[in-house]
Amino acid sequence: MLFRSNRDAYVRLYHVDTAGKTRLVFPNAYAPDAAVRAEQVLRIPAKGAPFSLRTGEPFGAEMIKAVASRSPLPSPSAGWAAGGSPFAELGASPGPARELRKSLEAAPPGGLAEDACAFSVMPK
């Protein structure tokens, strides 16, 4: 996955799977710095990283949500867990959406941008 920001920003990328489970895929354990320079193209995972992103069952609609701020975003609460993964993770209950929204609302006023990319995971 490649991404870039058109301005210097602090970026977070969230993956929401078909079951509604939300993972913070950037920053992560191997790329912990959320600061991204304008027009810098970043790759998740970075070349040589000890993990990969894979799709598979269950099949269906998934989404990547990007959030960028001119100021550092507040850290996720203790409700996020790594569970041996390089990504912080929330469950699939309504709580994760509330936690994400709460985190965004706590961001400094102005300078916050959001976008999303929906995609379908299908069998070969």
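View 1. Thr55 sits in the loop between strand 5 and strand 6; strands (E, at least two residues) and helices (H or I, at least four) are DSSP runs, numbered from the N terminus. With a relative accessible area of 61%, Thr55 is exposed (over 50%; buried is under 20%, partly exposed in between; 1.4 Å probe, protein chains only). Its C-alpha atom is 9.7 Å from that of Pro123, a residue 68 positions away along the chain. The model is predicted: local features need pLDDT of at least 70 and side-chain atom pairs pLDDT 80 or more, while totals for chains, interfaces and linings use all residues. Residues are numbered from 1 along each chain as its sequence is written, and side-chain values use heavy atoms, with hydrogens and water left out.

**View 2. The second largest pocket.** Thr55 is also among the residues nearest the centre of this pocket, together with His15, Leu53, Arg54 and Glu62. A pocket is an open set of points on a 1 Å grid over the protein atoms alone, where a 1.4 Å probe fits, with protein on both sides within 12 Å along at least five of seven lines; lining residues have an atom within 4 Å of a point. Its volume is about 430 Å³, taken as the space filled by probe spheres set on the points, which are joined across faces, edges and corners. Of the 18 lining residues, eight are nonpolar, five polar and five charged (nonpolar: Ala, Val, Leu, Ile, Met, Phe, Trp, Tyr, Cys, Pro; charged: Asp, Glu, Lys, Arg; polar: the others, including Gly). Strand 3 and strand 6 each give at least two residues to the lining.

**View 3. The largest pocket.** This pocket holds about 490 Å³ of space. Arg4, Ser5, Ala66, Ala68 and Asp115 lie nearest its centre, out of 25 lining residues. Two or more of these residues come from each of strand 1 (2–4), strand 2 (9–16), strand 6 and strand 8 (112–121). The lining comprises 14 nonpolar, four polar and seven charged residues.

**View 4. The Tyr30–Phe51 aromatic pair.** The model has two aromatic pairs, counted where ring centres of Phe, Tyr or Trp (its six-membered ring) lie within 6.5 Å; planes under 30 degrees apart are stacked, over 60 edge-to-face and the rest tilted. One of them, Tyr30 with Phe51, is stacked, at 5.4 Å centre to centre and 25° between the planes. Tyr30 is in the loop between strand 3 (22–26) and strand 4 (35–36), and Phe51 in the loop between strand 5 (41–43) and strand 6 (60–69), so the pair ties together parts 21 residues apart in sequence. Phe51 is buried, at 14% relative accessibility.
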